[in-house]
Structure formats: C-alpha cells, structure tokens
Amino acid sequence: MATKVTRRTIDLAGLDVPLVEASGSEDGPLLTVVAGVHGCEYASMDGVRRWTRSLESRELRGRVRAVPVLNLPAFHGRTPFAVPDDGKNLNRCFPGDPAGTLADRLAYAVFTQLITGSDALIDAHCGDMVEALEPFAIYDAGPSEARAREMATAYGLPYVIRQEPGPDRAVGGTTSSSAAEIGIPAIIAESGECGLVQEEAVARHVRGLDGVLALLGIADRPEDAPEPSPTYLSRFTWMRSERGGWWAPTVRTGEQVREGQVIGTITTLDGSQVLETITAPADGVPIFITSSPAVADDGLLLGLGVV
Ligand SMILES: [Zn+2]
C-alpha cells in the first residue's frame, strides 16, 4: 500500500488523544484536521473518523494528521460547549496558555504540537447538543486568507463566512483565528446539529475533507464530486437575550428573514408573560439557532448571517 496510516495517541496537556497519521509515497503539504473541540459534536467527529479510514486505500502526495475526538473530558462527560474541568469554551482559548487551566493548556498543546508547522488546518464542527444549524464554513482575515477562502469553498457547504478581528467579530480565540495569525490557512467547517449523528451531515464532512485534500493537491478529486457554489456572507451577527426565560424561535435555520421581522420570543417559565420579542437586525439567514428553550440572562439565541 502506497499510503501508510498509523494510529496512536498523542499527549496533549496530559490527555491521551487519538491521532491518525497518513503519509503518501510522494512529498507534499501537511494537512491537519481536528474534530471534537466541542465534546458533543458527533457528526463532525464521525465524519473525520470515516474519512481517515478512507485514506488507507488512496494515493496521497503529502501528509495528513487527524484528531477525530479532541476534547476528551467533554466527550466522556457529554458536556456541550465547555471543558467540564474549568467551564471554558476551548474554541475561545486559542492560542492557549501553558500556565492556565485545562482548556488553556489543551489549546496551547494543540496550537504548538498540531497547528504550528501545518500547511493547512481544518477544524470540523457541527451544532452542539442544543443547536440547530445550517452547514457553513468560516475563515479569518489575515495574510493567508485567500487560500483559506478557497479551502472554505472547496469544503462544499452552502454558506461561507469571513471574519475580521475587531468588535464585530462573532468569536475570537478559535483554532482558525490562531492559525490565521501565524499565516496558516485554516477553516472551521460546520455540518450537523443537535448532538445527532445524521448520515447526510457526516457524509458532507467526508466530501468536504476530500474537497480540501484535492485543492491542496494531496489527492485527486473524486470524480463524482459536485462543484461547490456557496453563498458568501459578509457578516455574522450573534444575537443574545437580555433576560433568561423560555426561548421560542419562530424561524428556522436557512430561512431568509427581513430586517425588523420577529424571529422569536422569550417568555416567563409559567408562560404568562412575554419578556422579550426578538427581531432581526438586518436582512439575513439564521445560520444556527439555539434549539433548547432554556436560555439564561445574556444567553445565545441565534447566529444571523448577513449576505
Ligand atoms: Zn463546535
């Protein structure tokens, strides 16, 4: 077999994390793939698991290293969003801190041991346990953004979002933003939702990973691969509640909404009173929506993509 695949664990901040490495008989770029930064995003983890198995039978020009399940404490504890040991969102902690709590140290280990030295990075996600989601890829502004945009497009998801540092940025401290800062083209690719392992969402990750592999020249493009034609979104606005209560969205992900349109309400837990009526701040598409009615004060409700 021309492609050598090895499976081992790697010590990341004291955790024995599974790692799959594949190297082709010819030289080429090194692509690093991570899933399970959030511990209950199973569709993306399963996509990476399936994809790495498929590499054994293919000719590669370059190398792949892939972590199918990164955030082991969150995976084993079925903890959405956070590292249970410190309550921090791992994907806000990059590039990490070797002297911090577990999330900081894990981010630091991933940044120094896996991201640094890569020619490209894919961080595969999906909607967590309580998130409905329309598939999208996000990349960050920076010196490598032209390549990152090509990678985001090649992943083949319906929406592509560009993020710039600054007050408008929805999220910072991510895998992809830390990679962008050191000139490594990187994307976060999201497909799947609500803690489910849906076949179509998993398959979309496998196709997306193949698409980027072909873009980088590491493998040939599968013959039946569709030509990607995403909608490019210029802004990603995350909307939050003022007060906690019972969240009831009135729109679905992927649905076109108009500025001023009511997109949901927050009512008292006894159902007798409307606390807040949420309206769209601009024309756009809800890319993800919190599917759980339980929201806290300043709770995340939805991410609106603005065309
Ligand atoms: Zn995630």
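**Exercise 1. Pairing strands.** In what sense do strand β14 (residues 245-249) and strand β15 (residues 262-267) pair, and over how many bridges?

*Solution.* Before starting, note that this is a predicted model, where local features need pLDDT of at least 70, side-chain atom pairs count only at pLDDT 80 or more, and totals for chains, interfaces and linings use all residues. Residues are numbered from 1 along each chain as its sequence is written.

Step 1: Helices (H or I, at least four residues) and strands (E, at least two) are DSSP runs, numbered from the N terminus. Two strands pair if DSSP finds at least two bridges between them.

Step 2: look at β14 and β15. They pair in the antiparallel sense, over 4 bridges. Trp-246, for instance, stands opposite Thr-267 in β15.

Step 3: zoom out to the sheet. It is an open one of 4 strands, ordered β16-β15-β14-β18, with antiparallel pairing. At its edges stand β16 (274-279) and β18 (294-295); each has a single partner strand, so one side of each is left without a neighbour in the sheet.

**Exercise 2. Placing one residue.** Is Tyr-42 buried or exposed?

*Solution.* Step 1: find Tyr-42 in helix α1 (residues 42-55).

Step 1: apply the rule. A residue is buried if 20 or more other C-beta atoms lie within 10 Å of its own, exposed if 12 or fewer, and partly exposed in between, with C-beta atoms placed from the backbone. Tyr-42 has 24 other C-beta atoms within 10 Å, so Tyr-42 is buried.

Step 2: list its contacts (C-beta atoms, placed from the backbone, within 7 Å). Leaving aside neighbours within four places in sequence, Tyr-42 is in contact with Gly-195 and Val-197. Gly-127 is 85 residues away from Tyr-42 in sequence, yet their C-alpha atoms are 9.2 Å apart in space.

**Exercise 3. The core.** Which residues of the largest nonpolar core touch the most other members?

*Solution.* Step 1: a nonpolar core is a set of buried Ala, Val, Leu, Ile, Met, Phe, Trp, Tyr and Cys residues joined through C-beta atoms within 7 Å.

Step 1: the largest one has 87 residues, and those touching the most other members are Val-33, Val-110, Ala-137, Tyr-155, Ala-186 and Ile-187. Helix α3 (residues 102-115) gives the largest share of this core, 8 residues.

Step 2: take Val-110. Leaving aside neighbours within four places in sequence, Val-110 is in contact with Leu-12, Val-34, Leu-70 and Ile-115.

**Exercise 4. Two domains.** How many residues of domain 1 are in contact with domain 2?

*Solution.* Step 1: the protein splits into domain 1 (4-232) and domain 2 (234-306), with bounds from an automatic or database domain assignment. Their C-alpha centres lie 27 Å apart.

Step 1: 13 residues of domain 1 are in contact with 13 residues of domain 2. On the domain 1 side, β8 (131-133) and β10 (159-163) each supply at least two residues.
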